[in-house]
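Welcome, and thanks for taking a look at this one.

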Amino acid sequence: MKEDIINRAKDVLDANFQEGGFTIPSKGLYPFQWKWDSGFIAIGLAHYNTDHAKKEIETLLNAQWDNGFIPHIVFHTDDDSYFPGHDFHRSDLHPLSSKKYKSTGMTQPPVTGFILQDMLNIVDDKEDMLNFIEEQIDKVYDNHVYFYENRDPQNEGLVYIYHNWESGTDNSPVWDDIWNTMNPPEYTFERKDTTHVDASQRPSKREYDHYLYIIDIAKQNNYDDAKIAELSPFLVQDPLFNAMLIKSNQALIDLYGLIGGNEDKIKRLLNWQSKSIKCFNEKLFDSELGAYVHYDLRNERAIRHITSSSFSPFFANIPNAERAKTLVQTMMDKFGGEDKYLCASFDPTDERFNPRKYWRGPVWINMNWMLYIGLKNYGFTNMASQIRKDSIELIERYGFFEYFDCRKDTGDEKSTGYGGDNFSWSAALIIDLLKG
Ligand code: 2M8
């Protein structure tokens, strides 16, 4: 059974691998290279095709801008089956954007640091991988410099995102609080996602109006970070994004240590690290909810809802032992129970929860993978095993879908997985969970 899933997962990844040396997340729905997808995909590939794993990271980092920024989508090909495409995003407006690759002008969670470290841990030929890492690591470091220098206007050690697409958790109910502060124009455009996936599983047209409007503001200012910090109606310190930055900081410290030299970089990383962890704990923990939450920097207030991102600090070793216990208790109370698969992406007890709609409730394999590792490292073995088991069961039951209903009994015999099928990171991370 285990070997069968691994082989099927490899088939999914191989079918999604493109001539240009990168893997699309899912045929039809997502026809380009996405930043954090590529990272997760490289982990799966590292288990059986090191060359492809390296290529995946190389092609992503090749699209880096001269200011260290790494975009969230790299448009390697002209494909009009996705909206909004490069002609809407117009990365060329930024003076330091890549001249070679068209991309978006926004980013995604900074996974690349910890991905390089994971790749090294997975492969047999450590020397070869360490050479590869040595070639690439400064690009990842420069990306962290970009974040700390441009995305932290109050110099707190916490970086902001200026668009919900930067979070990766696109239509999380958390963003509803921000949409309530905005009134964007009605855009006329042709949705492409809903030709691939039923509209009930995707964001609404009105949500897309908000998404496009924020991009328009950034474009009017040529994607200038200082202007965005001043003007964007969306400016959020996201626990998931910052946890990934902290996890990647640590990976860079460890990897530079292995490579040798680079004392200045290590020192700088260590400074960021202690400041970031301290502020993360002071600012983003909500003791009444017993969980980490998002902070709306534009409107200076916490967004008090629990999501799977609330638990992401486990992954980056952020909570102390006592707080970790509180956090796991919250997870059990709100997201756990015999009738549910772990871990819903949004609090199932919250009225905004929707079990089948994208990031408003469904289980996602990348979040489960991260929570599994975090909980295991903290010694919460039962909870970690449960997450691993549930992830495998979901894939066995439904296939390599993008997301899944967390209810074990949906009352509907015809229920399936949701979103895109043959979804790359679901395949890649199941390989890692099964081999790990
Ligand atoms: C989803 O996001 C894209 C926009 O970036 C979309 O809906 O068109 C998200 O789930 C995101 O986290 C993911 O990276 C991307 C590709 O899988 O799809």
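Predicted model: local features only at pLDDT ≥ 70, side-chain atom pairs only at ≥ 80, totals over all residues.

**Helix 15 and its surroundings**
- Since 11 of its 13 residues are buried, helix 15 is largely enclosed by the rest of the structure.
- The buried residues run from Ile365, Asn366, Met367, Asn368, Trp369 and Met370 to Leu371, Tyr372, Ile373, Gly374 and Leu375.
- These buried residues pack against helix 2 (35–46), helix 5 (112–122), helix 12, helix 14 (321–335), helix 16 (381–398) and helix 17 (424–435).
- After helix 15 comes Gly379, with a positive phi near 85°.

**The nonpolar core**
- The largest nonpolar core counts 151 residues, and Met119, Tyr162, Phe311, Phe314, Met331, Trp369 and Leu375 have the most contacts inside it.
- Helix 12 (residues 239–259) supplies the largest share of this core, with 11 residues.
- Leaving aside residues up to four places away in sequence, Phe311 touches Ile306, Leu327, Thr330, Met331, Phe335, Cys343 and Leu371.

**Helix 2 against helix 5**
- These two helices pack at an angle of about 5°, their axes 9 Å apart.
- Because angles under 35 degrees count as roughly parallel, helix 2 is roughly parallel to helix 5.
- On the helix 2 side, Lys35, Gly39, Phe40, Ala42, Ile43 and Ala46 meet Thr112, Ile115, Asp118, Met119 and Ile122 of helix 5.
- Sorted by class, this contact holds 7 nonpolar, 2 polar and 2 charged residues.

Note on methods
Residues numbered from 1 in each chain as written. Heavy atoms only, no water. Core = buried A, V, L, I, M, F, W, Y, C linked by side-chain atoms within 4.5 Å. Buried < 20%, exposed > 50% of the residue type's maximum accessible area, 1.4 Å probe, protein only. Helix = DSSP H or I, 4+ residues; strand = E, 2+ residues; numbered from the N terminus. Contact = heavy atoms within 4.5 Å. Axes fitted to C-alpha atoms, helices over the stretch in contact; angles between N-to-C directions. Parallel < 35°, antiparallel > 145°, perpendicular 65-115°, else oblique. Nonpolar A, V, L, I, M, F, W, Y, C, P; charged D, E, K, R; others polar.
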